[in-house]
Amino acid sequence: MGSEDTGSEEALTDEQVSGPSDIGPDPADAGEESHGTGEDEATSETDPAGELTDAAAPGSVVPQLDPSDTTWWRSAIFYQIYPRSFSDLDGDGVGDLAGVIDKLGYLELLGIDALWLSPIMCSPMADHGYDVSDPREIDPLFGDLEDFDELVAEAHDRGMRVTMDLVPNHTSDQHEWFRAALAAEPGSPERARYIFRDGLGEGGDEPPNNWHSVFGGPAWTRVTESDGSPGQWYLHIFAAEQPDLNWENPEVFEDLERSLRFWLDRGVDGFRIDVAHGMAKPEDLPDMDLDSVGLLTNSDDDPRFNNYAVHDIHRKIRKVLDEYPGAANVGEIWVEDNERFAEYLRPDELHLGFNFRLAKAAFDPDEIRAAIENSLDAVLRVSGTPTWTLSNHDVDREVSRYGRLDQHDPDSEVDLDVGRARARAMALVEFALPGTVFIYNGAELGLPNVDLPDEALQDPVWERSDHTERGRDGCRVPIPWEGSQPPYGFSTSAQTWLPMPDDWAPYTVEKQLEDISSTLSLYRQAIELRVSRSEFSGDTVEWYGAPDDCLAFRRAGGGLICALNAGDEPVPLPPGEVLLLSAPLVDGHLAPNSAAWLM
């Protein structure tokens, strides 16, 4: 047993958290909206044919953070910012880009390598930005292109890259293309950009197939033709306000390429590709097995997703990114089969693929080990890089998941103290693994899900499921920064877009920076060690024998040992010097629901 060193650090000042005073807008102007564009900005306009066009190219091409470093993403720490819920500087109760700029100092001190911004492009917000009406413009809710350019520049100055969400599977029903499609006739070029089909049955009154929306209800909506008669049906795998694009139409990729270059030319360092296993649809649109999938899920045999033609789309995307050294993309891939998953990570496709096995595993050593082994197997067969995440904007927060008394019952009673201890332990497991880590904003604070009142729910799945599925709002509540009551410094308005709990004062950034035993301090220590210690090398792990309800592995190459006790009793530690603990030792033993790093 070696000496214990938890890497404690002194508390940060307010200036360090918010960054220098010259970052972000003047506080005196915080309540004013500024959505104008400079003369040299790139903006999007609509031509008479109803197509989005770039009114002006950027004044100059801004390089990625470090074009000479083309492998930075292989071990990066990404921080997912859900913009609506991160920081609101204009006082409307919704987070914005100015708020992100204001908190860059905090992210730098946390040790973040790259930001991932959930959608900030123009949108009617039917699905909180994942219904894009203009892919080459910032939605005024979040700011404007000038704000975005400032964010990229300030992040780069702090050594952090900026990646943003790309939504290529569908558009908003308010997109100019779809408006033109509704005004056009069946069989027209305008409708050929989407998936329109005649209905089945007498008068075409039945949908073209039995596909269901991921959000509930049918995946088809019938339109009324210009003469007032019932017309064709259009496909929407998600909400009716999100019509799926027809990726067999070359115009679709041509427009996506323009969007890719538009943002890459502004210095964006890459993209997270939404529904990366979607886009391509089987030509005959066969019926699906309705018993094999449910709301917000899909299976490997689901004809709505994972069709082989999708790989041609990713190859085209990769060719564009390869023209911008230092840029990288990561795909949202809900695919269980390891061989099929690996196909997305071939050298000419995605740089990274989200693997959600660890986020889906219960707090059980067998499930956790299986998730790690499967995730490594899925990428190493193509010399790819594994990715790890414990939560995101679509998944219940880990504190609440791990706190369920029955880990396999989503409706089970939750013990937040147990959940928080387990989430801290799993953070050490995650950071000990080789590859790329994604942190969802607020995970570093140990935030739980929030049980919101029915009237506050905004996720489209709530309405589309006839109020049987509460949706994902509980993990999207704004994060607390300071103070003792809502809105905890998130906004100057008490009316935040989702209500904040009255008991979140212990979770604030301000409070946790003052406490060396807090979850935030644990994250900071873990990230610093991960970056600075040679023990965190090697692209795979070796497993140790471990007591019941425990697991232990060693980083092959560096020698770091990670031990997890998922049981109810303290257990002896493996031999070695302790680097970091998620909870204090109990008589020299690893505490229940805790993890340790040793060298």
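This is a predicted model: local features need pLDDT of at least 70, side-chain atom pairs count only at pLDDT 80 or more; totals for chains, interfaces and linings use all residues.
Colleague: Does Ser 518 count as buried or exposed?
Modeller: Ser 518 counts as buried because its relative accessibility is 6%. Buried means under 20% relative accessible area, exposed is over 50%, and partly exposed is in between, with a 1.4 Å probe and protein chains only. Residues are numbered from 1 along each chain as its sequence is written, and side-chain values use heavy atoms, with hydrogens and water left out.

Colleague: OK, where does Ser 518 lie?
Modeller: In the loop between helix H14 (509–513) and H15. Helices (H or I, at least four residues) and strands (E, at least two) are DSSP runs, numbered from the N terminus.

Colleague: And what does the side chain of Ser 518 reach?
Modeller: The backbone oxygen of Asp 515, at 2.9 Å. A polar atom of that Ser 518 side chain also lies 3.1 Å from the backbone nitrogen of Ser 521. A polar contact here is a pair of N or O atoms within 3.5 Å; within protein, one must be able to donate a hydrogen and the other to accept it, and residues adjacent in sequence count only if both atoms are side-chain atoms.

Colleague: Leaving aside neighbours within four places in sequence, what is Ser 518 in contact with?
Modeller: Arg 424 and Gln 512, where contact means heavy atoms within 4.5 Å.

Colleague: On to H15 itself: at what angle do the axes of H12 and H15 cross?
Modeller: Roughly 10 degrees, and the axes of H12 (residues 416–432) and H15 (residues 519–532) come within 10 Å. That makes H12 roughly parallel to H15. Angles under 35 degrees count as roughly parallel, over 145 as roughly antiparallel, 65 to 115 as roughly perpendicular and the rest as oblique. The axes are lines fitted to C-alpha atoms, for helices over the stretch in contact, and angles run from 0 to 180 degrees between N-to-C directions.

Colleague: Which residues make the contact?
Modeller: H12 brings Arg 420, Arg 424, Ala 427, Leu 428 and Phe 431, while H15 brings Thr 519, Leu 522, Tyr 523, Ala 526, Ile 527 and Arg 530.

Colleague: New topic: where is the place of Leu 390?
Modeller: Leu 390 sits in the loop between strand S14 (387–389) and helix H11 (398–402). Leu 390 is buried, with a relative accessible area of 2%. Ala 427 is 37 residues away along the chain, yet the two C-alpha atoms are separated by 8.0 Å. Beyond its neighbours within four places in sequence, Leu 390 is in contact with residues including Leu 358, Tyr 402, Met 426 and Ala 427.

Colleague: What about H4, how many residues has it?
Modeller: Helix H4 (residues 145–157) has 13 residues and reaches 18 Å from first C-alpha to last, close to the 18 Å expected. The expected span is 1.5 Å times one less than the number of residues. Among the buried residues of H4 are Leu 145, Phe 148, Leu 151 and Val 152.

Colleague: Which residue caps the N-terminal end of H4?
Modeller: Asp 144, with a side-chain oxygen 3.1 Å from the backbone nitrogen of Glu 146. After H4 comes Gly 159, whose phi is positive, near 80 degrees.

Colleague: Last one: how many helices and strands are in the chain?
Modeller: There are 15 helices and 20 strands, and 59% of the 599 residues are buried.
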